[in-house]
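Subject: Structure handover

Hello,

I am passing on the structure below, with notes on what was found in it. Please read the notes with the model open.

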Amino acid sequence: MRLRRFGIAAAVVALTAVAAPARAGDATPPPGVVTVDVVTVNGSGCPQGTADVAAASDNTAFTVTYSNYLAQAGGGSGGTEFRKNCQLGLRIHVPQGFTYAIARADYRGFAHLQRGAYGQERANYYFQGNAQTARSTHQFSGPHSDSWQASDWTAYADLVWAPCGEDRNLNVNTELRVYTGTSSPQALSFMSMDSTDGSVSTVYHFEWKRCPAAS
């Protein structure tokens, strides 16, 4: 039986403190319209029709909202329920003459973890045809029954930019895992990254720069 989380409207609590690295050469978001289209979607954490993507109106970011993304362990949950993942292939259309990188990603959800249990959020993203970036992992330990948040920052010098003048899919991979650890196997623990009302979203922040002028 899949138990829904409770208290999702509670204020998000940052469990992992991350300092922002120094930025260099930040560009103002370009004028015009930025659109994000879902090309492919795979994974147990995002069955068809349960992941929505939208670009921010000010071109600073895009959001992914899930409605069926929950991993759980203990309490009679199935043997494969401890791990859920989602792989999205996104086509991002940007105004001519600009390119972008992902400078920061903010992940949010709700966790109910028994004492001795723990959960993990893992993520990476990369452009089609490029090597995968290192996968980040954030761990949360019980007892905990509240919102969770984790952020990944990329230093400016390490940003990976979309090739100018080319259409390359941005592949976004996320994963949730929950382990009973030393908690009772009969006690349910779960961790979600979903929202039934759209109030909880994963946010990917753009960094912008101008493409070199054509010779």
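**Sheet and strands**

Val36 has Ile92, in β5, as its bridge partner. β1 and β5 (residues 83-93) pair in the antiparallel sense over 7 bridges. Two strands count as paired if DSSP finds at least two bridges between them. Strands are DSSP runs of E with at least two residues, numbered from the N terminus.

This is a predicted model, in which local features need pLDDT of at least 70 and side-chain atom pairs count only at pLDDT 80 or more, while totals for chains, interfaces and linings use all residues. Residues are numbered from 1 along each chain as its sequence is written, and side-chain values use heavy atoms, with hydrogens and water left out.

The open sheet has 5 strands, in the order β1-β5-β10-β7-β8, with antiparallel pairing. Its edge strands are β1 (35-42) and β8 (136-141), each of which pairs on one side only. On average, neighbouring strands of this sheet are turned by 20° against each other, direction ignored; the axes are lines fitted to C-alpha atoms, and angles run from 0 to 180 degrees between N-to-C directions.

**Aromatic pairs**

The whole structure holds 14 aromatic pairs. Rings of Phe, Tyr and Trp (its six-membered ring) pair if their centres lie within 6.5 Å; planes under 30 degrees apart count as stacked, over 60 as edge-to-face and the rest as tilted.

One of the pairs is Phe62 with Phe206: the ring centres are 5.6 Å apart and the planes at 45°, so the pair is tilted. Phe62 lies in β3 (residues 61-66) and Phe206 in β12 (residues 202-210), so the pair ties together parts that are 144 residues apart in sequence. Phe62 is buried at 0% relative accessible area, and Phe206 is buried at 8%. Buried means under 20% relative accessible area, exposed over 50%, and partly exposed in between (1.4 Å probe, protein chains only).

For Tyr118 and Tyr179, the centres are 5.0 Å apart and the planes at 25°, so this pair is stacked. Tyr118 is in β7 (residues 118-127) and Tyr179 in β10 (residues 170-179), 61 residues apart. Tyr118 is partly exposed at 26%, as is Tyr179 at 23%.

**Asp152**

Asp152 lies in β9 (residues 144-153). Its side chain makes polar contacts with the side chains of Ser136 (2.6 Å) and His138 (2.6 Å). A polar contact is a pair of N or O atoms within 3.5 Å; within protein, one must be able to donate a hydrogen and the other to accept it, and residues adjacent in sequence count only if both atoms are side-chain atoms.

Regards

Technical notes:
Helices (H or I, at least four residues) and strands (E, at least two) are DSSP runs, numbered from the N terminus.
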